[in-house]
Amino acid sequence: MAHQWRGVLREYADRLDVTDATPIITLGEGGTPLLPAPALSARTGAKVWVKYEGMNPTGSFKDRGMTMAVSKAVEAGAKAVICASTGNTSASAAAYATHAGITAAVLVPEGKIAMGKLAQAIAHNAQLLQVQGNFDDCLDIARDLAANYPVHLVNSVNNDRIEGQKTAAFEVVEVLEDAPDFHFIPVGNAGNYTAYFRGYSEELERGVSTKLPRMFGFQAAGSAPIVTGHVVKNPDTIASAIRIGNPASWELAIAARETSNGYFGAISDDKILEAHRILSAEVGIFVEPASAISVAGLLERADAGQIPAGATVVLTVTGHGLKDPQWALRAADGSDVQPTVVPVDTAEIAGVLGLAKATA
Ligand SMILES: *Cc1c(COP(=O)(O)O)cnc(C)c1O
């Protein structure tokens, strides 16, 4: 059989806690494209690359951590996993649990998760409950259930999740043949920020890279506990994947920022949507709103004169645009985009397209 990418546990078995006794539960996650983004380079003067995590099997980076968490859960004899989720964790947990032949129970904030993600969790046969509270309430209950009932927690407070997710940094270093100068990333629970920092730190220790990137993390302005320094009781943003008021990996993230000379910033929803349009229309990469905050953060920091010309910058875009596509149909002025309707008539359509008939 021809070689194909084998998923992160097999590809990085030497750098993860997997043994011959670990059942490898994989859907082929990881190995995602790192794409140059000339339009963003032109706007900022930096060399900008985009790590396109929407290309994972369930459409978000969560799959890297979930392959590890579910494999270790099955190794430990678990018959059921549980998680709280803003959407993507539930989709991923549902898919990996089903693949492993075990049950996934997921707790999501009522009415607050994107349709595509809800559909995925249900399609993959999760026991999905909408909790009448926010994400932080869901996580408290999931932790409580895992402590007192026979269910295995697969949120990013489970270190196996962070371990699996650190492989994205390995892939970046492999392609660039060193770490970048800056890494920009959305921050919700700050698990992924922590995971990239760990991955880059391990690459530096192994001697395959020469530096740690400065880790730049971004939260939505209505949901920015790490930036403001206090828990947000009712987090509010259109970027549902990062609508989190009390991040689980808060302290680890602060330590990672300090060691990497990094930064945390807050971005308004309007700026997130503007960046979403730029990434879709100028680069050709379609993401969900939370992911666009990496782009918005870069543009904001470049405007502030904080990104030296020629610096190598990697942006992680965390989730696929098809999960939460409605934002693409909203124009910059807030109006709905309505595609033009035309009759079945070549000449008329050519006119609407502004095409002049070819002569000779
Ligand atoms: C989970 C998620 C995030 C936030 O990641 P954390 O590890 O919670 O900081 C960002 N974007 C998307 C699309 C996500 O699914």
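**Rings, charges and burial**

Tutor: Let's start with Y200, which counts as buried at 1% relative accessibility.

Student: Why does Y200 count as buried?

Tutor: Buried means under 20% relative accessible area, exposed over 50%, and partly exposed in between (1.4 Å probe, protein chains only). Y200 has 1%, so "buried" is the word. Before we go on: this is a predicted model, where local features need pLDDT of at least 70, side-chain atom pairs count only at pLDDT 80 or more, and totals for chains, interfaces and linings use all residues. Residues are numbered from 1 along each chain as its sequence is written, and side-chain values use heavy atoms, leaving out hydrogens and water.

Student: What makes Y193 and F264 a tilted aromatic pair?

Tutor: Phe, Tyr and Trp rings (for Trp, the six-membered one) pair if their centres lie within 6.5 Å; planes under 30 degrees apart are stacked, over 60 edge-to-face, and the rest tilted. The structure holds 10 such pairs. For Y193 and F264 the centres are 4.7 Å apart and the planes at 35°, so they pair and count as tilted.

Student: Where in the chain do Y193 and F264 sit?

Tutor: Y193 is in helix α9 (residues 191-206) and F264 in strand β9 (residues 263-267), 71 residues apart. Helices (H or I, at least four residues) and strands (E, at least two) are DSSP runs, numbered from the N terminus. Y193 is buried at 0%, and F264 is buried at 7%.

Student: Why is the pair of Y196 and Y200 called tilted?

Tutor: Their ring centres are 6.3 Å apart and their planes at 40°, so that pair is tilted. Both lie in helix α9, four residues apart, about one turn of the helix.

Student: How do you know that E53 and R64 form a salt bridge?

Tutor: A salt bridge needs a side-chain nitrogen of Lys or Arg within 4 Å of a carboxyl oxygen of Asp or Glu. Here N to O is 2.6 Å, so E53 and R64 qualify. E53 is in the loop between β2 (47-52) and α3 (62-75) and R64 is in helix α3, so the bridge ties together parts 11 residues apart in sequence. E53 is buried at 0%, and R64 is also buried at 0%.

Student: Why does E29 have no salt bridge?

Tutor: The nearest side chain of opposite charge, R10, is 7.6 Å away, and the limit is 4 Å, so no bridge counts.

Terms used
Lys and Arg count as positive and Asp and Glu as negative; His and the chain ends are not counted.
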